[in-house]
Every structure is written in structure tokens, then in C-alpha cells.
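This report describes selected parts of one protein model. Please keep the sequence and the structure in view while reading.

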Amino acid sequence: MAELQEVQITEEKPLLPGQAPETAKEAELAARILLDQGQTHSVETPYGSVTFTVYGTPKPKRPAIFTYHDVGLNYKSCFQPLFQFGDMQEIIQNFVRVHVDAPGMEEGAPVFPLGYQYPSLDQLADMIPCILQYLNFSTIIGVGVGAGAYILSRYALTHPDTVEGLVLINIDPNAKGWMDWAAHKLTGLTSSIPEMILGHLFSQEELSGNSELIQKYRNIIAHAPNLENIELYWNSYNNRRDLNFERGGEMTLRCPVMLVVGDQAPHEDAVVECNSKLDPTQTSFLKMADSGGQPQLTQPGKLTEAFKYFLQGMGYMASSCMTRLSRSRTASLTSAASIDGGRSRSRTLSQSSESGTLPSGPPGHTMEVSC
């Protein structure tokens, strides 16, 4: 459980009694810069070592924001555009953050030896209690993308008392069927690992457009020094078990959940199906227009705004100002859970990105938002 990153600050002018206030301010600024860099730790678990980076300091009676990235990425390439976005600063000032790198995905990670047995996604979820115990954190709000969303969901199923909320982007809770396996094997005969992972992360329209973003991430994955490790994580994702979500059944997420998917994402159908299986009184469904396969990269502003509403619904950041998302003039109310009006209904709101505010839904409603 040794700390991987040690930063030494040498003071040219040590703080001594009677120093000028300007010197103390310089020291405070240096401490803040060090805090903004994050502190990277590594902890041993029953399934190997896992690395994570902590930003900020724990806030009394507040959970930690706990992120888990998708295949082909690490915490920086998956979440930096979101958490460095200007409006996100209001959130990160109020919560400590823990960014987990899946084993072998951290920067500078050595390549695993030939024959190394990479943990399954279930085992990666079982590593999380070791991280929380190391940090002495009791509860989290999970933010996961793709494989990371699956891992956090699996953890929430087995440790519901420690998860206050989940933001799940591009989650596919289903195991691969025979048709999926056949398609995957066929694709593997004609495509490289980086191209298959890119097809998992982005839509075909985005890949065909070959934008600057696509070129950037194609280069990141194709030239990754730990590509062998990435392939192992990819294989674990493709061998995932079905989460067996069942609306009204025992296998369900018991905390507030916000499901997020882009309108062109390759996982749109899977997220829609996941929404149909979760408790409508606890679940919000955010479908984002013009966001492609990775809304946290392409639409960080809209996602930040939605995250603020999600936190408000949980009782945090009640005074936060919302300005980015707009309210549509019409809202259609549909019921997926019941026919009579006495029960909770699924609420569908159509959104645009013009000026205005997104209304926070009343307790007991699922909001399907296209923005």
C-alpha cells in the first residue's frame, strides 16, 4: 500500500514565526497546486494491485466521487475533459474525487507477463472495497463509462449500503450472446484490437468522419505502450456476465441512477434496455444529442449540468445555479411501470441546447432527456 507518487517541495524561504503574509500566501498557493495534481496510490487486493488518484480532501458527511474508465482508456483520457470543464469546478470543490485505473492501464504501467490471468470484471469490482478501506471512505457516488459502468454496477449490487448514487455512461449490462460472439470473432479476423476498441468507444459515423477527436484517440490506443494490457481488459469486458437486472426483483440497483448515452452511440439500445429493467422511481435516463459515443468527451457542459441536477436530487448542492440546458415547451408523460396515475410514471422530456434550464424531476420519476 505504498504511495507511488512522492512530491517534495523545497522551501527557499522556510515559514518561520514573524514571516510576511505574502510568504504564507505563496506557501498556500504551492499547497493548492500540489493538491490539484492529485495523489496517486496503489493498494494490494486479492486480485492484484490497483492504482488510483485522489483529488481534494474528504468533506464531512459527503461521499467521494468515484470514477471508473472504459476499455482502451485510463482515468485521464476518459474523464479529464469532463472534470476540467469550467462549470464542473463547482462540483469538485464540494467533493473529494477518486479516479481508478484498471490494473495495467495507469500511465507507465509495465506490460503483464505472458500468461498473466487478468481479473474478470466481477473481480475488478471486488477490488473496490480495498480502495475504500485504504482511504477510509464509507460511501461513494460512482461515475463509470462502458466497462467501468458495468464494474460500478456490479459493486453496487453487492455493496448497496456504500453507494449513494451512480452515473452510468454507455452501460451494457448483458453478457454477449451467441450472435454477438460470432460477430466479434468475425470482426477479429479482419480488424486489429485498436480498431475493435475504437468501434466500441465511438459510433461508425464518428469513425467515418475521422475528426480530430477520433484521430487523437486512435493514436492513443494504437500506439499505447501497454496495448497488451489493454487487450486483456478488452477480453475481460467481452467475457462479462449478465447483471440480470429485473425491475421489481432482487437484482436491481437500489440507489439513484442516471443512465447516459449519446444519440449516435453504439450502446444506445443496451442503455435503453437497461433503463427498462431498473426502478423507474430511482432512474433518470439522459439521451444526449450530438454527443456520439463518448458524451463526457464531446459534451462535457451538458453532462456537467445534468450531473448537478442529479446531485441536487440526492440532497447535495441545493444552491447550485443551472443555466446550460433548456426546458422544452412540451413534455410527454408516458407510463412504463403502471397504467393508473396513482403509481410513479416514466417522464420523457425533450431538450435542446439553447438558453434556459432543465427542470429537476420530482421524486419518483424517470427522466428521459434528449438534449
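## Terms and basis

Helices (H or I, at least four residues) and strands (E, at least two) are DSSP runs, numbered from the N terminus. Axes are lines fitted to C-alpha atoms, for helices over the stretch in contact, and angles run from 0 to 180 degrees between N-to-C directions.

The model is predicted, and local features need pLDDT of at least 70, side-chain atom pairs count only at pLDDT 80 or more, while totals for chains, interfaces and linings use all residues. Residues are numbered from 1 along each chain as its sequence is written, and side-chain values use heavy atoms, with hydrogens and water left out.

## Helices H5 and H6

Helix H5 (residues 128-135) and helix H6 (residues 147-158) have axes that come within 11 Å and cross at roughly 75°. The two helices are therefore roughly perpendicular to each other; angles under 35 degrees count as roughly parallel, over 145 as roughly antiparallel, 65 to 115 as roughly perpendicular and the rest as oblique.

Contact means heavy atoms within 4.5 Å. From H5, Ile128, Pro129 and Leu132 meet Ile151, Leu152 and Tyr155 of H6. The residues of this contact divide into 6 nonpolar, no polar and no charged. In this scheme Ala, Val, Leu, Ile, Met, Phe, Trp, Tyr, Cys and Pro count as nonpolar, Asp, Glu, Lys and Arg as charged, and the others, Gly among them, as polar.

## Tyr150 in H6

Helix H6 also holds Tyr150. Tyr150 is buried, with a relative accessible area of 0%; buried means under 20% relative accessible area, exposed over 50%, and partly exposed in between (1.4 Å probe, protein chains only).

Tyr150 and Arg240 are 90 residues apart in sequence, and their C-alpha atoms are 8.8 Å apart in space. Not counting residues up to four places away in sequence, Tyr150 touches several residues, including Leu121, Asp172, Arg240 and Arg241. Its side chain reaches the backbone oxygen of Arg241 at 2.5 Å. A polar contact is a pair of N or O atoms within 3.5 Å; within protein, one must be able to donate a hydrogen and the other to accept it, and residues adjacent in sequence count only if both atoms are side-chain atoms.

## Strands S1 and S2

In strand S1 (residues 39-45), 5 of the 7 residues are buried, so the strand is largely enclosed by the rest of the structure. S1 and strand S2 (residues 48-55) run antiparallel and are joined by 7 bridges; two strands pair if DSSP finds at least two bridges between them. A hairpin of 2 residues connects S1 to S2, and Thr45 stands opposite Gly48 in S2.

Strand S3 (residues 64-68) is mostly covered, with 5 of its 5 residues buried. Ala64, Phe66 and Tyr68 lie on one side and Ile65 and Thr67 on the other.

S3 pairs with strand S5 (residues 140-145) in the parallel sense over 5 bridges, and with strand S4 (residues 97-101), also parallel, over 4 bridges. Thr67 stands opposite Val143 in S5 and opposite His99 in S4.

## Ser291

Ser291 is found in the loop between strand S8 (283-288) and helix H13 (295-298). Ser291 is buried, with a relative accessible area of 1%. The side chain of Ser291 reaches the backbone oxygen of Met288 at 2.9 Å.
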